[in-house]
Amino acid sequence: MPKVKFVPQNLELEVPQGANLRRVLLRNKLPVYTRVTQFTNCRGHGLCGTCWVEVDPTSQLSERTFREKVKLAGRGEQVRLSCQTRVLGDGTVQATAGSLDLASDPTGAKSRRELFGLAWTAGTSLFLAQFGVVSLWFSWPRFKPGEFGSKFDIGPVDQLEVDLMYGDYRQTGQFWLIRLPEQLRNTATPDGVLALYITCTHLGCKFEWVPVNNRFECPCHGSKFQKDGTYISGPAPRGLDRFELAVTRDRDVVVDTGRLIRGQPRGVNNIGRQDT
Ligand code: FES
Ligand code: FES
């Protein structure tokens, strides 16, 4: 079985053939990184270039990977990235890890390792900061409750009269509300409730509910739609768009006017029923 002797610690370990040197170091609580790089390293993906180890001889180790060639350009063959190095042959490899960062420059100038570490840390921090700002931006409520674009709490679903078209939210929420009769419901309509966007899918006029004809009719070019938004006739290219909605555990209807569901094409039921 191959052996690795960690020189500064005077510790010799038997390792399985093919063992990854970084894992051997970490498992045995031996130093791999220095300073901040112990928190900001790339976790063994060969990207940060901070897990240097000096080895001797190199003949019992795996070939240098492409990433090592890039990260360690100009360094002798005995310097390796421990995360990219596997111990292959029998015999003992001497290894020195975790103490290489300033050793190569007696003047104390920053080594490549430390510069890699700093660049990696700066990049990671910048990414995390940007990610934080973007997440905050998207999670921040941009509409006040009751404003178009926000969620509308309609109240108890059981208080909505079945098969009655409610126009109360046309101004504030821009939708018609209906609780469909049992035979017209399906899983796309929680408790049969539907919130249809007030704008015609032809050229954007505001259509009206015409009770005597039991359907929506657009005054501009005459498009007609069923109460569930299914296209009937006229130049509109599809059924009516609707808003996402949910019935909460307390049985309240909440319509999200920030989420529009596009109407179905002509000839297809607007909420996916097969009986059209
Ligand atoms: S851990 Fe980043 S290169 Fe090895
Ligand atoms: S805008 Fe409604 S039919 Fe043209």
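**Note on the predicted protein chain**

1. P57 is placed in the loop between β4 and α3, where helices (H or I, at least four residues) and strands (E, at least two) are DSSP runs numbered from the N terminus. The peptide bond that leads from D56 to P57 is cis, with an omega near -5°. Most peptide bonds are trans, and most residues other than glycine have a negative phi.

2. This is a predicted model, in which local features need pLDDT of at least 70 and side-chain atom pairs count only at pLDDT 80 or more, while totals for chains, interfaces and linings use all residues. Residues are numbered from 1 along each chain as its sequence is written, and chains are lettered from A and ligands numbered from 1 in the order in which they are written.

3. On confidence, pLDDT (the predictor's confidence in each residue, from 0 to 100) has a mean of 86 over the protein chain, and 89% of the residues reach 70 or more. Over residues 101–109 pLDDT stays under 50, and for this stretch the model has eight contacts beyond four places in sequence, a contact being a pair of residues whose C-beta atoms, placed from the backbone, lie within 7 Å.

4. As to overall make-up, the protein chain has four helices and 17 strands. Of its 276 residues, 29% count as buried; a residue is buried if 20 or more other C-beta atoms lie within 10 Å of its own, exposed if 12 or fewer, and partly exposed in between, with C-beta atoms placed from the backbone. Among the contacts of the protein chain with a separation of 6 or more, 54% are between residues 24 or more positions apart.

5. Five strands form an open sheet of mixed pairing, in the order β2-β1-β7-β4-β5, where two strands pair if DSSP finds at least two bridges between them. β2 (11–14) and β5 (79–81) stand at the edges with a single partner strand each, so one side of each is left without a neighbour in the sheet. Neighbouring strands of this sheet are turned by 35° against each other on average, direction ignored, the axes being lines fitted to C-alpha atoms (for helices over the stretch in contact) and angles running from 0 to 180 degrees between N-to-C directions.

6. Within this sheet, strand β1 (residues 3–6) runs parallel to strand β7 (residues 92–97), and four bridges join them. K3 stands opposite T92 in β7, and F6 has A95 as its bridge partner in that strand. The covered face of β1 carries V4 and F6, whereas K3 and K5 are on the uncovered face.

7. With β2, by contrast, β1 pairs in the antiparallel sense over four bridges, and the bridge partner of K5 in β2 is E12. The hairpin of β1 and β2 has four residues between the strands, and N10 is placed in this loop. N10 is not a glycine, yet it has a positive phi of about 50°. N10 counts as exposed because it has 7 C-beta neighbours inside 10 Å.

8. E244 stands opposite D256 in β17. This hairpin has four residues between the strands, and R251 takes a positive phi near 70°.

9. Q174 is not a glycine, and its phi is positive, near 60°. Q174 counts as partly exposed, because it has 17 C-beta neighbours inside 10 Å.

10. R64 lies in the loop between β4 (52–56) and α3 (66–71), and it counts as partly exposed because 17 C-beta neighbours are inside 10 Å. R64 and V79 are 15 residues apart in sequence, and their C-alpha atoms are 9.9 Å apart in space. G204 lies in the loop between β11 (193–197) and β12 (208–210), and with 10 other C-beta atoms within 10 Å it is exposed. The C-alpha atoms of G204 and C218 are separated by 9.5 Å, and the two residues are 14 residues apart along the chain.

Technical notes: Two residues are in contact if their C-beta atoms, placed from the backbone, lie within 7 Å.
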